[in-house]
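Please follow the account below with the sequence and the 3D view open side by side.

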Amino acid sequence: MNKIFEEVKIGPVTLRNRTIRSAAFESMCPGHVVSQELYDYHTSVARGGIGMTTVAYAAVTESGLSFDRQLVMTPEVVPGLKWLVDGVHAEGAKASIQLGHCGNMSHKEICGCTPVGACDGFNLYSPTIVRGLRADELPELARKFGDAVRLAREAGFDCVEIHCGHGYLIDQFLNTYFNHRKDEYGGSLENRMRFMTMCVEESVKAAREEGQRQLAVLCKMNMRDGLKNPGTTFEESIEIARRLQQLGVDGIVLSGGLVSASPMYILRGEMPLKTMTHYMPMSKWWLKAGVRMVGRWMVPTVNYTETYFLDDALKFREALPTMPFIYVGGLVCGDKINEVLNHGFVAVQMARSVLREPDFVNKLREDEHYRSQCRHSNYCIGRMYTVDMKCHQCMNGEAMPAYLQKEIDRIEKEQNPAK
């Protein structure tokens with residue numbers, strides 16, 4: 001059955017169809033505020049037929065910024081966000097925003113303080129010293145999630161997505177790869193879930209305040225972290241999902257991988273390192289040199305296949321049959337989207353398909369077997385951290401150096417995407 005264009009209700013929000021633009025960082029917010037570029041991109045995706053588009057990533061506080069082109073949730077950004085949301089609504093789509101804190105994945109130059117995490121340590125990827133959060137700091141930090149949800153409501157969003165995965169702060173407490181604490185926030189899974197529980201409770205409470213327009217609350221979480229010796233086991237991840245269900249979230253987005261240790265487990269394919277270093281500023285010459293020397297070791301390739309998270313996601317679907325799960329990962333054609341929806345997932349999320357073709361969903365309406373023209377080169381990821389997220393096939397006159405084109409052509413040939 002073709003379920004893509006069925007209306008679907010997620011918590012208090014009804015989407016015109018079962019497609020969601022996933023929360024993939026756009027790098028389109030210089031100065032931590034909404035730009036014309038961000039507005040144009042999300043309104044184009046809304047015009048292209050998506051059910052809901054997700055703005056990503058918005059830090060709940062300045063200490064949660066991981067890049068200097070990210071949003072931070074302050075009252076000052078609300079007018080710009082409202083402008084964006086109104087534009088999305090005018091095209092018939094709903095609007096969501098991903099809220100999170102990156103924890104140790106930052107640098108003092110970006111977040112304005114010594115980066116914080118579940119434990120003291122050193123982040124090789126920044127590189128920087130990291131300070132472990134004290135137990136008495138955690139309730140206030142959790143309240144920042146609730147404050148961010150209130151700002152999202154003020155801006156007119158229909159939904160918020162709380163980031164509990166990918167090795168960001170909440171996941172740094174969940175995962176023993178990061179969490180070596182000896183207090184009530186470390187050790188057992190029950191202890192490791194305490195901070196997540198606090199953040200999600202504050203978010204749900206803020207989204208459902210009496211007398212206020214209610215928002216849907218989604219959480220993105222990991223099924224696996226993509227390591228040979230996992231810090232969070234698969235069985236523990238199912239228990240984390242069970243806790244989120246008990247906390248009353250309206251849906252769970254099932255993902256995997258750690259940005260700092262297994263990034264291509266999240267994205268799949270090869271990271272185009274020449275592309276990545278090309279767009280780094282010359283002032284980061286030492287980082288350019290480091291990536292060129294050891295980048296392939298630090299960011300190993302993980303082969304891309306369509307619906308690469310589906311086998312694990314189906315086990316979650318079986319373990320928690322009444323939980324509204326949202327599938328993300330390797331969706332580029334109508335046939336696979338329908339296959340996933342027919343397995344009982346409430347909706348699907350996509351990013352690269354609608355980056356390459358903002359009107360991808362409208363094309364699916366015209367041809368239910370349509371396949372995205374995304375070629376899985378990850379050029380968009382390579383340039384995202386320092387410029388913006390843009391497909392190399394949609395450069396709008398921007399010239400690409402020949403040596404980068406050669407790299408992208410090689411990767412696309414090796415990926416050999418299904419036809």
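Lys406 has a relative accessible area of 65%, so this residue counts as exposed, the cut-off for that class being over 50%. The model in which this value was computed is a predicted one. Lys406 belongs to helix H17, which covers residues 402-415. Between Lys406 and Asn175 there are 231 residues of separation in sequence, and their C-alpha atoms are 39 Å apart in space.

Glu306 falls in the other class. Its relative accessibility is 16%, and therefore Glu306 is counted as buried, since the limit for buried is under 20%. Glu306 is located in a loop, with helix H11 (285-298) on one side and helix H12 (310-319) on the other. The side chain of Glu306 makes a polar contact of 2.6 Å with the side chain of Arg371.

Asp171 is another acidic residue to look at. Asp171 sits in helix H5, residues 169-174. Asp171 is buried but forms no salt bridge. Which side chain of opposite charge is nearest to Asp171? That side chain belongs to Arg192, and the distance is 8.0 Å, whereas a salt bridge requires a separation within 4 Å. Setting aside residues within four places in sequence, Asp171 has contacts with Cys164, Gly165, His166, Phe178, Asn222 and Leu258.

Next comes strand S6, made up of residues 94-100, where Ser96 is found. Ser96 has a relative accessibility of 1% and is therefore buried. Beyond four places in sequence, the residues touched by Ser96 include Met52, Thr53, Thr54 and Val55, and also Phe157, Cys159, Val160 and Glu161. Ala23 is 73 residues away from Ser96 in sequence, yet the C-alpha atoms of the two are 8.7 Å apart.

The largest nonpolar core holds 114 residues, and the members that touch the most others are Ile97, Leu99 and Phe195. Helix H4, residues 138-155, supplies the largest share of this core, with nine residues. Apart from this core there is a second, separate one of 14 residues, among them Val8, Leu15, Ala216 and Val253.

Definitions and conventions:
Residues are numbered from 1 along each chain as its sequence is written. This is a predicted model: local features need pLDDT of at least 70, side-chain atom pairs count only at pLDDT 80 or more; totals for chains, interfaces and linings use all residues. Side-chain values use heavy atoms; hydrogens and water are left out. Helices (H or I, at least four residues) and strands (E, at least two) are DSSP runs, numbered from the N terminus. Buried means under 20% relative accessible area, exposed over 50%, partly exposed in between (1.4 Å probe, protein chains only). A polar contact is a pair of N or O atoms within 3.5 Å; within protein, one must be able to donate a hydrogen and the other to accept it, and residues adjacent in sequence count only if both atoms are side-chain atoms. A nonpolar core is a set of buried Ala, Val, Leu, Ile, Met, Phe, Trp, Tyr and Cys residues joined through side-chain atoms within 4.5 Å. Lys and Arg count as positive and Asp and Glu as negative; His and the chain ends are not counted. Contact means heavy atoms within 4.5 Å.
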